[in-house]
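Here is a short walk through one protein model.

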Amino acid sequence: MKTTIDCFIPYIDAAQARATVEGLRQSPLVHHIYLLATDAEAKPLEGTEVIAIDSLTSSATMKKIAETSDATYTLLYTKYNTLVLGYQALERFVRLAEDSGASMVYSDHYTVVEGVRQNAPVIDYQFGSLRDDFDFGSLLLFNTACLKLAAQGIDKSYNAAGLYDLRLRLSRVAPIVHINEYLYDDVELDNRKSGEKQFDYVDPRNRANQLEMEEACTEHLKAIGGYLEPVFDEIAFDKGDFEYEASVVIPVRNRVRTIRDAIECVLSQKTDFPFNLIIVDNHSTDGTSEAIEEYTSDPRVIHIQPERKDLGIGGCWNLGAAHPKCGKFAVQLDSDDVYTDENTLATVVKAFYDQNCGMVVGTYMLTDINKNMIPPGIIDHKEWTPENGRNNALRINGFGAPRAFYTPLVREIPIPNTSYGEDYAEGLAISRNYQIGRIWHPIYMCRRWEDNSDAALDRNKVNANNLYKDRIRTWELQARVAKNQANV
């Protein structure tokens, strides 16, 4: 059978779609071109056919595409701007789809930002690539037989999660393959900095969409054997002999501007239990070490300067948790940040006992360096539920802050020695067996300023971070599948 492609592109009007349609017609592989229009009265361009849809991302639209396509491959373009195909791009898509036996292929591309053409590489898809905002670029090519098979199983009517649900189903049919070649151009429509985009999933305006995404992800986990029932190991909180009930742990390197604020907010905490502060000073050179020494006359302040030179944030945390004077509960405070008031530490410790959990995560407020709230404001991670939180955690990009751990668990499950994703990895590992407690009112101020590590990252750094977090999800998901298989 001759290899052909049926193309499906978003459609508003002729002016918006004409250039994309004309570009597709240049390829001898293109069989049909369908225009996906939410306007039932939309008129087709010559040689095309309009398909009325409710939403570009709905389950109903995915079913229509699968039912309509009768070519060997099915192309879906997901943006309303003009698609510009590279030289023999579709031929390359098809060849690699055939060679790899993929259910879907996607590629690196160029993006045009304010008239400037830039490289836009994407990352490899893997077992743990469960984020609903995984960046495939805007051009997806499906093996139509795989597409139809995946679509047959769609039994939900999602409005926002239809495409997400479909690609999860496709990943169960055959591999999803990344072509690391630049095969097309599109125009970047979202020019926000990385630090602004990362909170989209906790925006209350997106809550209904997120519930759909969670349901689709949960069903996928059940299908692949990675879903965990809401049954947790109990904790007696009787391991070890702790002098202190709690320790605040601050890993720091070169934060002379903010470290005093962090120390003072800890020392001002009011509790009915003994606590201390462990500062792991990772070879600061800007005066941070001297600033910390100003407070060491207080016996609660422990200033650790490690001999090792290879510690990331996670390694510093492990060093703090392993200290003989570390308390029963180790509570996080970043060197940039502060607690909202003097009751934070008491609130966190109470949550451990009330909720019988191995880890507690609070709610924080995003502020500027002067503690003035900035958008999106309060980050409460309301997507977490006691019943499904640890499953949904595989879909989202973080747990929240501040984070606190039952110290024996951190000693048993060391935090990865990295400076990105280390807390997320620890949270996933602990949640495999233990409940994660939540505090729903703000107890922490996350201060944004020019030296924050993730405020404005370039694409390559964002890709590296996302690839690593997907790897963390892959490892955790593999462990959960194995756990379920062992319990059968």
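Is T78 buried, partly exposed or exposed? T78 is partly exposed, because its relative accessible area is 25%; buried means under 20%, exposed over 50%, and partly exposed in between (1.4 Å probe, protein chains only). The model is predicted: local features need pLDDT of at least 70, side-chain atom pairs count only at pLDDT 80 or more, and totals for chains, interfaces and linings use all residues. Residues are numbered from 1 along each chain as its sequence is written, and side-chain values use heavy atoms, without hydrogens or water.

T78 sits in the loop between β4 (73-77) and β5 (84-85). Strands here are DSSP runs of E, at least two residues; helices are runs of H or I, at least four; both are numbered from the N terminus. Leaving out residues up to four places away in sequence, T78 touches P10, L56, G137, S138, L140 and L163. Contact means heavy atoms within 4.5 Å.

Now take the helices. α5 (residues 162-173) packs on α7 (residues 207-224) at about 10°, with axes 9 Å apart. That makes the two roughly parallel, a term for angles under 35 degrees. From α5, the contact uses Y164, D165, L168, S171 and R172; from α7, M213, A216, C217, H220, A223 and I224.

Last, the cores. A nonpolar core joins buried Ala, Val, Leu, Ile, Met, Phe, Trp, Tyr and Cys residues through side-chain atoms within 4.5 Å. The largest has 113 residues; Y106, L166, V248, L333 and F352 touch the most other members. Another core, of 31 residues, lies apart from it and includes I5 and I33.

Technical notes:
Axes are lines fitted to C-alpha atoms, for helices over the stretch in contact, and angles run from 0 to 180 degrees between N-to-C directions. Angles under 35 degrees count as roughly parallel, over 145 as roughly antiparallel, 65 to 115 as roughly perpendicular and the rest as oblique.
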